[in-house]
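This report looks at one part of a protein chain at a time. Please keep the sequence and the structure in view while reading.

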Amino acid sequence: MHFNSSLTQIESLPLTSDLTPDEAEIEDSVEVPLTRQPMTALTGESANSVGQRNHSLVNQKTEELYNTFLAHRQERQLIILQDFPDPDALSSAWAYQLIAQQYEIKCDIVYAGALSHQENIALVKLTGLPAQRWTLQTLKSKDISSYHGFVLIDNQGTTSQLVPVVQQAGIPLVAVIDHHSLQSDLKSEFFDVRPYVRATATIFTQYLQAGLLTLDSSINHHVKCATALMHGLRSDTNRLMQAQEEDFMAAAYLSRFYDAQLLNAVLQANRSKRVMDVIERSLKNRIVQNNFSIAGVGYLRYDDRDAIPQAADFLVTEENVHTAVVYGIVHDEDEELEVVIGSLRTTKLTLDPDEFIKEAFGQDSSGRFFGGGRTSAGGFEIPMGFLSGGNENSGYAKMKWEVFDAQIKQKLLRLVNPKDNPIQPE
Ligand SMILES: [Mn+2]
């Protein structure tokens with residue numbers, strides 16, 4: 001499928017050799033257990049732990065990933081997250097980093113945008129999650145040639161500004177681990193994309209459970225990472241309400257290690273006033289048709305970008321609404337960068353957000369879709385290009401918003417009311 005040809009050779013390597021890394025060579029900066037349980041799951045002994053249906057796939061993927069780590073011992077890797085990483089991405093990347101350390105692979109977790117959701121900021125601060133913000137500017141100042149490979153987690157490269165630059169530098173893609181629908185035909189050494197799984201944190205928990213890293217409650221990092229994974233899993237499954245068997249099994253496993261108090265502290269993070277203001281605008285501006293709630297919220301600052309999915313989360317709770325779409329123009333004051341960003345949330349099981357967004361907005365001139373999704377959620381980004389900036393002229397700013405607002409509504413309403421005239425007066 002998407003594996004490159006060298007994998008077949010790697011697969012045939014004996015599993016029994018090299019299981020325990022040389023203790024002397026392990027970096028002592030992070031506590032990682034030096035002994036790991038043998039990969040019992042690889043031989044199918046823990047069939048009850050994951051659920052029969054996907055058990056063999058999990059084992060196969062775990063083994064492939066294990067072999068990938070072995071093949072890249074002592075290398076440096078860049079883990080690239082979406083520009084605005086969520087708890088699922090952040091926690092999964094941390095799990096990858098901890099697993100990789102056992103093979104003396106040093107990983108840096110990077111994202112180009114911002115941590116804009118108050119819970120994400122709390123998660124990173126309270127757990128000490130080792131993610132770094134690297135803007136395109138930062139990237140230019142770094143010597144990225146020291147990285148032997150890059151890894152995409154909870155994304156497939158379409159939502160990060162860093163990916164094209166890293167690809168251009170000739171750094172190979174080592175692994176893609178995600179649960180979004182397939183976005184493009186990526187060539188990666190290791191590839192595990194399972195769109196029917198509700199969270200990437202579930203996939204990582206399965207790796208842990210299958211023996212890639214033995215969690216230990218006496219190790220601080222492990223407890224915090226398990227807590228982060230629990231948060232990631234919960235937040236991608238609407239607090240487990242959309243969780244399926246595999247996600248519940250993963251949560252059950254994490255429950256042995258996670259810190260409930262710490263998770264509670266993360267969840268207590270308050271919304272900023274600006275986020276509340278965006279939610280207020282979405283309430284005022286929403287139109288509801290055929291159980292869809294659609295709201296444009298105008299301009300918002302880059303750092304408040306996460307107010308958009310939060311507003312969508314809120315609008316979808318209205319009676320008789322099954323799907324909410326909220327969008328706005330996000331602007332970065334320094335770089336005059338402007339982009340329309342939108343979020344979709346749905347409780348309608350038969351609505352595929354990925355299909356819906358691709359159908360509504362189509363592709364740009366290079367064939368790239370403006371967005372995509374996963375179960376129950378999706379998002380889109382439409383660059384403003386030549387129209388960016390110039391907002392000090394309030395007449396121009398207003399006109400620009402009105403044009404984008406009208407066009408997005410037309411495109412959405414064509415799907416919402418397939419038989420009607422798509423243009424609805426407000
Ligand atoms: Mn996710």
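## Helix 9 and the residue after it

N238 follows helix 9 and has a positive phi, near 50°. The model is a predicted one, and the angle is computed from its atoms.

Helix 9 covers residues 220–236. How far apart are the end C-alpha atoms of helix 9? They are 24 Å apart, which agrees with the 24 Å that its 17 residues should span at 1.5 Å a residue. Is helix 9 largely enclosed or left open? Of its 17 residues, 14 are buried, so helix 9 is largely enclosed by the rest of the structure. A residue counts as buried here if 20 or more other C-beta atoms lie within 10 Å of its own.

An open sheet is built from six strands, in the order 7-8-9-10-12-11, with mixed pairing. Strand 7 (287–289) and strand 11 (371–374) are at the edges; each has a single partner strand, so one side of each has no neighbour in the sheet. From one strand to the next, the twist averages 15°.

Strand 7 pairs with strand 8 (residues 292–301) in the antiparallel sense, over three bridges. Q289 has F292, in strand 8, as its bridge partner.

## Helices packed on the sheet

Helix 13 (residues 307–315) packs on the sheet and touches strand 8, strand 9 (323–332) and strand 10 (337–346). The direction of helix 13 makes about 160° with that of strand 9.

Helix 14 (residues 353–361) also packs on the sheet, where it touches strand 10, strand 11 and strand 12 (377–383). The direction of helix 14 makes about 165° with that of strand 11.

Methods. Residues are numbered from 1 along each chain as its sequence is written. This is a predicted model: local features need pLDDT of at least 70, side-chain atom pairs count only at pLDDT 80 or more; totals for chains, interfaces and linings use all residues. Two strands pair if DSSP finds at least two bridges between them. Helices (H or I, at least four residues) and strands (E, at least two) are DSSP runs, numbered from the N terminus. Axes are lines fitted to C-alpha atoms, for helices over the stretch in contact, and angles run from 0 to 180 degrees between N-to-C directions. Two residues are in contact if their C-beta atoms, placed from the backbone, lie within 7 Å. The expected span of a helix is 1.5 Å times one less than its number of residues. A residue is buried if 20 or more other C-beta atoms lie within 10 Å of its own, exposed if 12 or fewer, and partly exposed in between; C-beta atoms are placed from the backbone.
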